[in-house]
Structures are given as structure tokens and as C-alpha cells.
Amino acid sequence: MLPIRLFGDPVLRTPAEPVTVFDRELHRLVADLTETMVDAPGAGLAAPQLGVGLRVFTYRVSDEEQGHLVNPVLHFPDGEMQDGPEGCLSIPGLSWDCRRHEHVVAHGQNMYGDPISIEGTSRLARCIQHETDHLDGVLFVDRLDPETRRAAMAEIRNADWAGLSTPMIKASPHGGGPYGPNVPMRNAPAENDPFGLRR
Ligand SMILES: [Zn+2]
């Protein structure tokens with residue numbers, strides 16, 4: 001299991017690049033994502049959550065509904081929506097109701113570069129939308145209604161993991177950085193938009 005990047009890490013706000021090379025490195029990434037998602041445990045995991053800026057995610061909402069998708073493009077066949085609780089491994093221990101499309105068709109590729117598509121309803125549809133958002137630097141808190149969002153931001157600021165250093169910054173020669181253990185997240189430079197408040 002690899003360390004999962006937490007809310008406040010800039011990599012989670014950086015749009016990921018399309019995959020163009022379907023090599024062993026990509027296969028390794030899919031294996032790492034799958035293993036970390038299952039161990040966490042979580043219903044899905046996107047590459048930026050492991051600090052990798054590529055358009056890949058894995059999902060597992062049931063034994064029958066699990067896999068991975070590279071370079072996803074989503075289509076919504078109708079206007080039906082669903083409301084329900086949503087969470088994120090990068091925002092551990094917290095969840096809020098989030099509105100999503102009920103049906104989604106995701107086109108993309110598998111790790112060998114073959115075109116595939118996934119039809120999702122209910123939880124799988126929610127998961128696919130959540131993970132694809134990660135590839136665009138979007139977090140589900142961005143999609144909450146304004147009141148829930150305000151409450152969510154307060155809970156995130158007060159979470160026991162808030163302000164924890166991310167693995168990449170810990171390993172940096174500068175020993176800490178703006179999200180280092182001694183600097184609360186709220187003091188981080190505004191241009192990083194640590195709470196996504198400008199979105
Ligand atoms: Zn997430």
C-alpha cells in the first residue's frame with residue numbers, strides 16, 4: 001500500500017495528463033492503485049492521489065464491478081440525478097451528501113491501450129464521476145451545495161490530519177515546505193488555494 005495524498009496537496013488540484021504510452025510502468029501504476037485502493041479500503045482511487053499526474057483510475061464498488069480506466073471521457077445519457085453520501089480517501093474519515101448523475105457511460109482504454117467503455121448506475125456511476133473529477137483537479141467538496149460546503153471546509157480545517165505534510169514534501173531537501181508539520185494549512189500560500197475556496 002502506498003501513501004495517499006491528502007487534501008491540501010497541490011497534486012490533487014493539478015489536471016492530470018493523458019496517457020500515451022501503455023507500457024510496464026503504466027501496468028505497475030494500475031497494480032499500485034488497485035492494491036492501495038483495496039487496502040485503504042476505498043471504492044476508487046485516481047493516480048493523482050498517489051502523486052502521479054496521469055489520467056488513470058481504479059474502482060471497486062462490488063466484486064462484479066471493479067477494474068481500471070485510462071483516459072476516461074464521460075457521457076450522461078439522461079438528466080436523472082442521485083443524492084447520497086460521498087467520501088474520498090484524500091479527505092479521510094469525512095463524508096457529505098453530494099449530487100451526481102445517476103447514469104454514466106465512460107469511454108476510455110484499458111492499460112494495454114484497447115478501447116473499453118463502462119456503463120455505471122448508482123454507486124458505480126458516482127464512483128466514476130468522483131474519480132474522473134480527480135483527473136481534472138476537482139474534489140467532491142467542490143460539488144457540494146454552498147451550505148454543506150461551508151460546513152465541510154470547517155470540518156476539514158479541524159480534521160486531525162489537516163496540515164499534515166505530504167510524502168513528496170517530507171522527502172524534499174527543504175525539509176518541510178508550506179505544508180510542513182509546523183505550518184498549519186490555513187497559513188499556506190493563497191495561490192495554492194489549499195481549501196479550494198476559489199473554485
Ligand atoms: Zn477521491
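**Exercise 1. Overall fold**

Which pattern of helices and strands does the protein follow when read along the sequence?

Solution. The model is predicted: local features require a pLDDT of at least 70 and side-chain atom pairs a pLDDT of 80 or more, whereas totals for chains, interfaces and linings use all residues. Residue numbers start from 1 along each chain as its sequence is written.

Step 1. Helices (H or I, at least four residues) and strands (E, at least two) are DSSP runs, numbered from the N terminus. The protein has four helices and seven strands.

Step 2. Along the sequence these elements give α-β-β-β-β-β-β-β-α-α-α.

Step 3. Confidence is expressed by pLDDT, the predictor's value for each residue from 0 to 100. The mean pLDDT of the protein is 87, and 82% of its residues reach 70 or more. Over residues 168-199, pLDDT stays under 50.

Step 4. Two residues are in contact if their C-beta atoms, placed from the backbone, lie within 7 Å. Among contacts with a separation of 6 or more, 61% join residues 24 or more positions apart. For residues 168-199, the model has 41 contacts beyond four places in sequence.

**Exercise 2. The sheet**

Determine the strand order of the open sheet and identify what packs on it.

Solution. Step 1. Strands pair if DSSP finds at least two bridges between them. Five strands form the open sheet, in the order β1-β2-β3-β6-β7, with antiparallel pairing.

Step 1. The edges are β1 (44-46) and β7; each has a single partner strand, so one side of each is left without a neighbour in the sheet. From one strand to the next, the twist averages 40 degrees; axes are lines fitted to C-alpha atoms, for helices over the stretch in contact, and angles run from 0 to 180 degrees between N-to-C directions.

Step 2. Helix α1 (residues 24-39) packs on the sheet and touches β1, β2 (56-60) and β3 (66-75). The direction of α1 makes about 40 degrees with that of β2. Helix α2 (residues 122-135) also packs on the sheet, touching β1, β2, β3, β6 and β7, and its direction makes about 125 degrees with that of β7.

Step 3. Strands β6 (residues 103-109) and β7 (residues 115-121) pair in the antiparallel sense over seven bridges. In β7, Glu119 is the bridge partner of Val105, and Pro115 is that of Gln109. Five residues lie between the strands of this hairpin, where Gly113 takes a positive phi near 95 degrees.

**Exercise 3. Helix α2**

How many of the 14 residues of α2 are buried?

Solution. Step 1. A residue is buried if 20 or more other C-beta atoms, placed from the backbone, lie within 10 Å of its own, exposed if 12 or fewer do, and partly exposed in between. In the protein, 34% of the 199 residues count as buried.

Step 1. In α2, 11 of the 14 residues are buried, so this helix is largely enclosed by the rest of the structure. They include Leu124, Cys127, Ile128 and Leu135, as well as Arg126 and Glu131.

Step 2. From its first C-alpha to its last, α2 reaches 21 Å, close to the expected 20 Å, where the expected span is 1.5 Å times one less than the number of residues. After α2 comes Gly137, with a positive phi near 75 degrees.

**Exercise 4. Cores and Val56**

Locate the largest nonpolar core and describe the setting of Val56.

Solution. Step 1. A nonpolar core is a set of buried Ala, Val, Leu, Ile, Met, Phe, Trp, Tyr and Cys residues joined through C-beta atoms within 7 Å. The largest has 25 residues, of which Leu29, Leu33, Ala47, Val56, Phe57 and Ile128 touch the most other members.

Step 1. At least two residues of this core come from each of α1, β1, β2, β3, β6 and α2. The most are given by α2, with five residues. Another core, of 10 residues, lies apart from it, with Leu6, Phe7, Cys88 and Val141 among its members.

Step 2. Val56 belongs to strand β2 and counts as buried because it has 27 C-beta neighbours inside 10 Å. Leaving aside neighbours within four places in sequence, Val56 is in contact with Val19, Leu29, Val30, Leu33, Ala47, His68 and Val70.
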